[in-house]
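Colleague: I would like to learn how to read contacts between parts of a protein model. Please take me through one case.

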Amino acid sequence: MAAFFSPFLSKPDTVSRIMLQVLLALLPGIAMYVWYFGPAILVSISLASITALGTEALMLKLRDRPVAPFLKDHSALLTGWLLALSIPPLAPWWLVVVGTAFCIVVAKHLYGGLGNNLFNPAMVGFAVLIISFPAQMTQWISPHGLGQIELTFADQLRYMFLGILPPNVTLDAITMATPLDTLKTHLHLDEPIRQILDMPIYGRLAGQGSEMVSWGFLAGGLYLMARRIISWHIPLAYLGTIFAMAGIFHLADPAHYVTPLFHWFSGAAMLGAFFILTDPVSSPTTHHGKLIFAAGAGLITYLIRAFGGFPDGTAFATLLMNICVPLIVLYTQPKIFGRKGRKP
Amino acid sequence: MLAALLAMSAIAIVLGAVLGYSAIKFRVDGNPLADKIDAVLPQTQCGQCGYPGCRPYADAIANGEADINLCPPGGEEGIQKLAELLGVEPKPFGSDAQPKPKSVAFIDENTCIGCTLCIQACPVDAISGAAKQMHTIIAAECTGCELCLPPCPVDCISMLPLEENVANWKWKYPVYALRPSK
Amino acid sequence: MSALFKFHGGVHPPTHKTESTATPITRLPLPARLVVPFRQHAGDAAIPIVKPGDHVLKGQLIGEPQGFVSSAVHAPTSGVIEFIGPHPVAHPSGLPDICAVLIPDGKESWIEKVSVDYRNTPIAGLREHLRMAGIVGLGGAVFPSDIKLRPLRGHSIQNIEVLILNGAECEPYITCDDMLMRERAAEVVRGGEILRFMLGAGKVLIGIEDNKPEAIAAMRAAVQAEGLPFEVAEIPTLYPSGSAKQLIRVLTGREVPSGELPTDIGVQSFNVATAYSVARCFEQGEPMLSRIVTVTGNVTQPRNYEVLLGTPIADLLAHSEPKTDTRGYLMGGPMMGTPLPSTDVPLVKASNCFIAMSDALFPAPPATLPCIRCGRCADACPADLQPMDLYWFARAKDFGKTQSYHLFDCIECGACAYVCPSHIPLVQYYRFAKSEIRAREQDKLSADRARERHEYREFRMEREKREKEEKLRAKERAAQATKPAATGEVPTASDAAAEAQRKIQDALAQAKAQAAEAQPRNTENLTPEQLAEIAEIEARRARIRELAKSDVEAPKE
C-alpha cells in the first residue's frame, strides 16, 4: 500500500534492522564465551532461538496477528539470545525451552506483544528460572583450563539433552561457582579479599574467562553506541553508579569490598548495561528518565551483590526499575519548545 | 457504661453541630451537579429525552429521576461523559433512541405559507419570518432538534444532514493495513 | 555576522533540489481556462462580487474579503466569467469549494495599476491595501499578511525589533524561493524594506540555508546594491529550519513562547516570496495574481514556473512532461505536502511545489509495526515533544491527554514519522486528534450559544405572557367602562375567524399540491446503466467496510 500520509519520505531504518544490529553486537561476547567455556552456549542459543520463534509464531496466530512481519522484526530472537546468555550453558535443554517460552508467552504476548511489555522479557524468564530451578541455574561450566575434567562437545550435548554424564564424572567436577558467587561464599567465611582473589578462578580484573566475556559485551555495546542504536545515558548511568557505589565501599573498607572494576567485569554488568537495560520498550523514553532508571538499577545491582542473597543482581534490578518506568517518565517530561524557563 | 454513652452523645452533638453549621455556611445555591450535567448536554433542546429541554433533563438526571442514555444528539460520547461525571457505568441507547447524523432544518420556500407555527416551536429562535411572509432557517443557529417539523401544516420543512465541506472537514483516523498488501 | 543558535532535533532528508534549479524560471503560457478558488488563504472565503457572463480585467477584484482573517481574490487575467460554484480544489479532503471559472480573452488587458508611495501613506491604509491586493504568506500557511502587520492588542504601534525574511526553504525538492532569490533578489529586498518600514523594525535578518549558495550571493549583492543594512545569514541545512519558530530561534536565539505569537517577543517573519509580492503590490500596483512554483520529481523537465493563480494543475504538469511510471502527484514538499486528489484542481496561492511520484523516488514504506518506544521521534522533534506519547494518546482517542502533552505545539513537520523505525504515520494521528479537538470546541461553542438563545427565548416568552395578561386586564377594564357598545361585535369576530380558517385550508391544499409536484424524481426511471453503477458503488462500499473490519490494526486493540 502506498503512503497516503505525509511525510512521504522515511529513513530506511526498521525495527528489524535495529534488532539485527543488537544481535550482531552480541557476537564478540558470544565468541569470548565459546573460547573460554566451550561451544555448549551455542547449543543453548540455538535452542532458545527456535523456541522463541516458535512460541512467537504460535502467539501471533492465537492473537490473530500477521505472523511474517512480526517474526522478521527479530525481537523474539533477541529475547531468546539474551536469556540463553544469562543462564548456565550446561543447563538442561528443557530449562532453556521453558524459560524462553515463558519470556515470549507471558512476559511479552500476554502484555500485548511487541512494544507493550512492561518488563524486560528476558529478565522475567531469568527470574522465573532462578526462583523455580535454583539447582540447575547454578551449573556454571568451569572456564577453560580450570575444571578437573573438561567434557567433549559430544559429552556436553549428551548431558544437556539426556542428563547423562560420562562414567566416573560428577557434576561438581565440571562445574564451579561463578566468581561473584565464590566471592560471596568466602566473604561469609570471613576470609580477606586479597586471599580470595588469589584463587585460580580469578583473573586480572575479575573472573577468569568471564571477564573476557564482559570485554566482548563492552565492545559490542560501544558498537551500538557508535551506530546510535542506543544512547549513552543508560550504560553510563548504570556503570557509573556501580562504579561509584563500589568505589565508596572499596575505599572505606578494602578488606571486605572488591574494586569497582571487579564489579564491572563480573556477572551480567556489561550485558545489562548495554543490552538489557537499554531495551527501549521497558526503559524510559526521556533522557533524564534514562539516567534515573539506570542509576537506580545500578544501585540495586550493587546492593544485591554486596548485601543481598543472590550473587548477581542485574536481573532483579532491571525488573524492579521496570516497574518504576511510567512514574519516572511522568516526572521527567522535557521542557518543550517555547516553554523553557516556565512550568511545563 | 454511662461514661461511654455520654462520650458518644457528646461526640455526636459536636459533629452534628459542625455539619449543621457547614451546611449553612457553605450552602451552594442552585444545583451544581445539574449545571455540570447541563454543560455536557448538547443543548439541542429537542425534547427527545422526554423532558422539555436540556436543562430539565439535567435536573432530572441530577435528581436521579432520569437515565443517562436518553439523549441521542449527544451521541455515545455524551453518554460516556455523563457516566464519567456521575461515576456510573455507561449504557447503550435504547432501540427507539438512536443518534442520527447532525442535520439542520431547511424550509422549502416555495411551499411555505408563512403561518409562523414553526417560529413558535423553535426553541432557539433560529427561524426568521413573519405572518404571511416566507420563513427561513438561520442554519448557523439551528440545533437540528426537529421540533419545527410536526407543527408545519404543509410539511415544507425537511432535515438536511450537515454536509462536509472544506471548512468543516476533519482529518480521519489513520487506517492502514497491518499486513503488507498482496 | 551575528551568532546562530540551534534548535532541538531536526532531520536531514535527501534534498533533491539541484534537479529543478538548472533552468531559469519559465513563464507558463496563458491556459485556456482558469479556475480561481475564493478560499486561497487561511480564514474565511472571499465573497464573489462578479456574476457568470461578466467580463473582467486582469487584476480586477472578483472576491471581497469577509471577516477579520480573510483576503481578496482577483482575476488573474482578462476574460469572461463562465461559472461560479463548487469545483474540485487542492485540499486533502478532495471536496469541492467555491471557485470562479474564467475563460481568458487572451488580451491580458490590465486594470489601471496604481503604485503606492508607502513612505507617505498612513500604515493602516497600507494594510488595507495589502488586504485588498490579496497578499498572503506564500510560505505555505497563506495567512493574510495585513494581519501580521497589525499592532498587538493594547499597543498603538508595532513594537517589533527584528524582521526576519524566511528564505530557508528547508523541505526537500522545493526550490521556488531559491530561484526567486537568485533571479529577483532586488525586489525581495525592497519588499523586505517595505515590511520593515510598516513594522518599524530596527533589524532585518534574512535566513537562507547553506545549500543555496547562489541565492545567498544574489541576496547579499542585492542588499548591497539597495544600500540597506540587512543581514543575510547562512544557516545550516537542517529540516525544519524553515518553520517560523525554528528559524526565529536559529537567527535570534529567542523562543516564541508556546501559544503566543512571534510578535510577543518582538520578532516578525515573512517568507521571501511574500516580500516579493509586497514589492510588486506597492511598486507596480499589481495584486497577487501569480506565483512561482516548482514542478519536479518524476518528470523529464523539472524546473520552476511563474504561473497564474487558477491555472489547472494538469496544464502545468504537462509542460514538465511527467514520466510514464508516475503514480500520483504531491502538492507541497514530501515532508508536509498532501497528495492531489486529481490534476483537475487549480493552482492556488499556497501551491509552492508539485512533485510527480514514482515507486523509485517514493518507495512504499515497509509495513507498520507497533511502537517500540525507541525515542528516535523525540530526538528528532523540533518542538521537544514526546511524539510516542502523543501517538499513544491520539490512537486511544484520549484527547485531553494529548492536549496536556502539548499536542498543539506540534508543527506537523513530519520529522518524527521520517525517523520512525516502525513506520507509523504519526503526523496523521496528530492531525486527526487536532481536528477532533477543534470540532469538539466548535460543538461546545455552538451548544453554549444554543443554551443562551434558549434561555433568552424562555425569558422572552415569560415577558410576553406577562405583557399580554396586563394588556388583557387593561382591555377588560376598558370594556367594562364601555359595555353596551361592545355587544354587537362578537359574531363579527367569529366570522373573521372562520374566514381565516378557510384561507388556511386553501393555502394548505395549494401547498400540498406544490409539494407533490416538488417530489424528488432522481431515484426513479433509472437506466440500466445507472442502476448497474449504483450497484457497483454499493458493492465497493461493502468491500471497503469489510476491509476496514478485517485488515486494520485499529479496531482490534
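Modeller: The size of an interface is often given as the accessible area lost when the parts come together. Here chain C and chain A bury about 4100 Å² between them, with 61% from carbon and sulfur atoms; buried area is the accessible area (1.4 Å probe) that two parts lose on being put together, summed over both. This is a predicted model: local features need pLDDT of at least 70, side-chain atom pairs count only at pLDDT 80 or more, and totals for chains, interfaces and linings use all residues. Residues are numbered from 1 along each chain as its sequence is written, chains are lettered from A and ligands numbered from 1 in the order in which they are written, and side-chain values use heavy atoms, with hydrogens and water left out.

Colleague: How many residues of chain C are in contact with chain A?

Modeller: Contact means heavy atoms within 4.5 Å. By that rule, 54 residues of chain C meet 42 residues of chain A.

Colleague: Which side chains meet in a salt bridge?

Modeller: A salt bridge is a side-chain nitrogen of Lys or Arg within 4 Å of a carboxyl oxygen of Asp or Glu. The rule finds one across the interface of chain C and chain A: Asp13(A) with Arg376(C), at 3.5 Å, N to O.

Colleague: What area do domain 1 and domain 2 of chain C bury between them?

Modeller: Domain bounds come from an automatic or database domain assignment: domain 1 is 18–30 + 135–304 and domain 2 is 369–472. The two bury about 430 Å², 52% of it on carbon and sulfur atoms. On the domain 1 side, Tyr239(C), Pro240(C) and Gln246(C) lose the most area, together 68% of what that side buries.
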